[in-house]
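Colleague: I have a new structure on the screen. Can you take me through it, question by question?

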Amino acid sequence: MINDDPIIRVRGLRNQFGSQVVHDNLDLDVKRGEVLGIVGGSGTGKSVLLRSIVGLQRPTAGTVTVLGRTISEMEEEERKRLEQQWGILFQDGALFSALTVAENVQVPYREHLGLPLDLMDELAALKITMVGLPSDACTKYPSELSGGMRKRAGLARALALDPDILFLDEPTAGLDPIGAAAFDTLIRDLQRTLGLTVFLVTHDLDTLHATCDRIAVLADKRVTLQGTMDDMLRSDHPWIKEYFTGPRARAAQASAIG
Amino acid sequence: MTRFLWYKKLRELGQIRPYTRRGFGRIGAIKAVMSGTTTATLETEEAEVGFLVRAKGAWTVRLVRDLDGPLREISPKRARGRDAVIDLTGLTRLDTAGAWLLHRTSEQLRIAGLRVSYRGETPEIRTLLDVAEGYRFGFNLRLPRPPAYIQLADRVGATLISVANETRGLLGFFGLLLEVLWRTIKHPSRLRVVPLVHHMERAGLDALPIVCLMTFLIGGVLAQQGAVQLQKFGAEVFTVNMVAITFLREIGILLTAIIVAGRSGSAFTAEIGSMKMREEVDAMRTLGLDPMDMLVVPRVLALVIMLPLLTFVADIMGLVGGALMVWQMLDTSPGVFIVRLSEAADFWTFGVGILKAPFMALVIAMIGCYAGMRVTGSAESVGVQTTRSVVQSIFMVIVLDALFAVFFTAIGI
């Protein structure tokens, strides 16, 4: 499944807020069909990186190429088309609070495709089943759902248009360990079934073990290391060492192996 | 292999007709859709293996829209055999939406009594078909809607109950506020001076420019409109009386109170509401600080002190606006205006207006703080309460003004 042609290519990215430089000369490749985990301490700009790639944040310098097209050079129309080829799950689902779960999932169908009503209902129900929500969740409003269910509903909306790339921002943050483990499994299963490329920002070592093919570490304003879990464990970088071999890491590793 | 003539004819002509509604009711039809360079095609025909449904091209969510209708109409009634084959060999791309349509079609044929099989199924296609097969019909996606008359009754009832609850809650809060204010008077050291001054500046001083501008303009407009009407029967000299009395007694305080309700009442709700939302109010309580002392009393007192002062400025500006307009329209010089003003208005004309200010301030600040305290967890709730606070406080300001009018008439000033 994984070939070497990068689906997302970031070169020389620089993000600066006032005098504070978040990224400087950051390079990153995401390969087609892989799950790439982005880790880094608080304030290293993991979410900013995600936002720069999807065009929510205009970088100070550098280029971002997604599916062979450069984000900053695109016309409005082309950009809209490209945006339909990725789905984003925001931290708390970011569901539209005035719409039910089913209506949330149908938003992309209504806006971009104008599908017939019946087909829209069927596809929304299919997506809601895919992310493991019960059927009675369809008519509920986001405020009536638990945090885990909101994330699943957000995932269903992100997957509505069958995107090639899925961006996940801290998918397991705020979930209990059982819910988080179930969500990890769901992501992995969906990724395999649908052949998705997943860009995953996380703090959760269990998620890294359970879902990621490769890991990219953000430190010192750039991607310090990209590689597999084994590469991380072999690294001498003090922060990486601390992160991947600290007491919590050992527990996560034990549970991943056991 | 038999196909209908019209289809053969079209093939010979080398063109494909757009889908006609009756097409897929028959056996042997074709439907092609295009988007950019990709196409998706659906064909049905009667073949040796049985009823054949052929899917070709890219069956993805962007293309399947127009295949949905034809697929629903596929009817194998005229099929001769008992077998149906869904041919996938020509598929170049498939996603979950396409897989769903294939699965739905196979179910449709199965229900019609045919044995359905797939041809040219690859592991990738199978995975997607498995996903589609995971979904069963019977999901209820649309919220049930009761009949209109029940909805109407429901809304009326819900509104009545919420108004009753709101009134009771507000009265309760008023009582609590009076008690806390009394406590503050008994122990003045409890008063938080820094927040008090801060809110006096925010709600009072910062409101000056807008209050001045609005009242100046309204004063001018009032004088102009009055002069035009009074001129009709030669009573334009009374324009000054009209401006002075309406402005000092009613318009000055009313305008100022409405501006302040919109400006500061909403700000109080939003400030306290967002603190409530982030559990700051709860944190205060656990640290032994009374939110009434910390948040409510400084705001209420600040407004009670500042609104009369603002009204005073508003009155002056309204009169200035009126005087300038009268000077311009009727050639009544400012000196004459002042003389006529002192004849038309006595202290109580002004006093009636200014006396209302602290009461209106109390109502505005109280409603603003109460709505802020009623905010629950979500950000929408802050918005809802802010709107409610502004609407309620403006409404109460006007009700209060009417009550005062009755009262002052009764005591004869």
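**Domains, sheet and hairpin**

Modeller: Chain B is divided into domain 1 (5–133) and domain 2 (188–411). Keep in mind that this model is predicted.

Colleague: Now chain A. Which strands are the edge strands of the open sheet of six strands?

Modeller: The order in chain A is S6-S7-S8-S3-S9-S10, with mixed pairing. The twist averages 15° from one strand to the next. An edge strand here pairs on one side only. That gives strand S6 (86–89) and strand S10 (222–227) of chain A.

Colleague: In S10(A), which residue is the bridge partner of A:Ile215?

Modeller: Strand S9 of chain A covers residues 214–219. S9(A) and S10(A) run antiparallel, joined by five bridges. In S10(A), the partner of A:Ile215 is A:Gly227.

Colleague: What angle does the direction of helix H5 of chain A make with that of S6(A)?

Modeller: Helix H5 spans residues 147–158 and packs on the sheet. H5(A) touches S6 and strand S7 (165–169) of chain A. Its direction makes an angle with that of S6(A) of about 165°.

Colleague: Which residue takes a positive phi in the hairpin of S1(A) and S2(A)?

Modeller: Strands S1 (residues 6–17) and S2 (residues 20–31) of chain A pair in the antiparallel sense over eight bridges. One of the bridge pairs is A:Gln16 with A:Val21. Two residues lie between the strands. The positive phi, near 65°, belongs to A:Gly18.

Notes. Residues are numbered from 1 along each chain as its sequence is written. Chains are lettered from A and ligands numbered from 1 in the order in which they are written. This is a predicted model: local features need pLDDT of at least 70, side-chain atom pairs count only at pLDDT 80 or more; totals for chains, interfaces and linings use all residues. Domain bounds come from an automatic or database domain assignment. Two strands pair if DSSP finds at least two bridges between them. Helices (H or I, at least four residues) and strands (E, at least two) are DSSP runs, numbered from the N terminus. Axes are lines fitted to C-alpha atoms, for helices over the stretch in contact, and angles run from 0 to 180 degrees between N-to-C directions. Two residues are in contact if their C-beta atoms, placed from the backbone, lie within 7 Å.
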